[in-house]
Amino acid sequence: MDFATYTQWSLYGTLLALILMLLALILKWGIRFRLVGITGFMAVLTIGLWGLSLGLFERAEVPGSVKFSRVYDNGANQIVISVPTSVTPQTLEATLLQAANTYFSYGRGAKGGDNQLTIRARALIHPQPGLSKPLYLGQLQRPLGSQDDSQTKVEINKKAFAQLPKVS
């Protein structure tokens with residue numbers, strides 16, 4: 001989302017409402033007090049959009065990561081992501097680090113007592129027509145309340161990579 005663009009257009013609308021309000025107050029139009037409310041609302045909306053444009057939703061990208069999608073998230077300490085079958089062990093590690101960065105939140109709480117966020121990566125393989133099988137390629141574990149990368153453990157399942165279809 002480009003909140004900076006939304007903020008700019010909201011500012012234009014607020015200035016237009018301000019000009020109309022001042023004109024209505026000077027000319028004593030019947031809707032002058034409604035325009036005061038509209039202008040105030042537009043100012044609050046513009047300030048809110050400006051706050052969002054400061055980049056609160058931007059996440060750092062990990063070089064070498066591939067696109068992934070979240071297929072399971074219990075909202076606490078377990079996430080499963082899906083990666084393409086063309087992934088390599090190096091890109092999987094970068095992708096797991098990217099997922100840990102993307103889905104980090106102080107609001108996650110541990111269920112079941114372990115204080116670790118576990119992100120598992122899987123790919124779907126098709127051993128025969130009409131049959132899909134999830135293949136777990138690796139996982140990442142890190143403490144829930146900390147974004148300290150020194151405590152992050154990445155495990156890659158080399159045996160699972162041998163089952164992936166060969167890309168030509």
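Predicted model: local features only at pLDDT ≥ 70, side-chain atom pairs only at ≥ 80, totals over all residues.
Let me begin with Arg-70, which at a relative accessible area of 43% is partly exposed; here buried means under 20% relative accessible area, exposed means over 50%, and partly exposed lies in between, with a 1.4 Å probe and protein chains only. Residues are numbered from 1 along each chain as its sequence is written, and side-chain values use heavy atoms, with hydrogens and water left out.

Which residue forms a salt bridge with Arg-70? The partner is Asp-73, and the closest N and O atoms are 3.0 Å apart, where a salt bridge requires a side-chain nitrogen of Lys or Arg within 4 Å of a carboxyl oxygen of Asp or Glu. Asp-73 is also partly exposed, at 26% relative accessibility, and the structure holds one salt bridge.

Now for the overall layout. The protein chain has four helices and five strands, in the order α-α-β-β-α-β-β-β-α along the sequence; helices (H or I, at least four residues) and strands (E, at least two) are DSSP runs, numbered from the N terminus. The radius of gyration is 25 Å, well over the 15 Å that the globule rule gives for 168 residues, so the chain is more spread out than a compact globule. That radius is taken over C-alpha atoms, and the rule is 2.2 Å times the number of residues to the power 0.38. Along the principal axes, the C-alpha atoms fill a box of roughly 80 × 40 × 30 Å.

Let us turn to the aromatic rings. A search of the whole structure finds three aromatic pairs, and one of them is Trp-9 with Tyr-12, edge-to-face at 5.3 Å centre to centre and 90° between the planes. Rings of Phe, Tyr and Trp (its six-membered ring) pair if their centres lie within 6.5 Å, and planes under 30 degrees apart count as stacked, over 60 as edge-to-face and the rest as tilted. Trp-9 and Tyr-12 are separated by about one helical turn because they are three residues apart in helix 1 (residues 3-27). Trp-9 is exposed at 59% relative accessibility, whereas Tyr-12 is partly exposed at 41%.

Phe-68 and Tyr-103 also form an edge-to-face pair, with ring centres 6.1 Å apart and planes at 75°. This pair links distant parts of the chain, 35 residues apart, with Phe-68 in the loop between helix 2 (32-52) and strand 1 (69-73), and Tyr-103 in the loop between helix 3 (89-102) and strand 3 (116-128). Are these two residues buried or exposed? Both Phe-68 and Tyr-103 are buried.

Finally, the core. The largest nonpolar core has 22 residues, and among those touching the most other members are Ile-81, Leu-92, Ile-119 and Leu-137; such a core is a set of buried Ala, Val, Leu, Ile, Met, Phe, Trp, Tyr and Cys residues joined through side-chain atoms within 4.5 Å. Two or more residues come from each of strand 2 (78-82), helix 3, strand 3, strand 4 (131-143) and helix 4 (158-162), with strand 3 giving the most, five residues. Leaving aside residues up to four places away in sequence, Leu-137 touches residues including Val-83, Ala-121, Phe-161 and Leu-164, where contact means heavy atoms within 4.5 Å.
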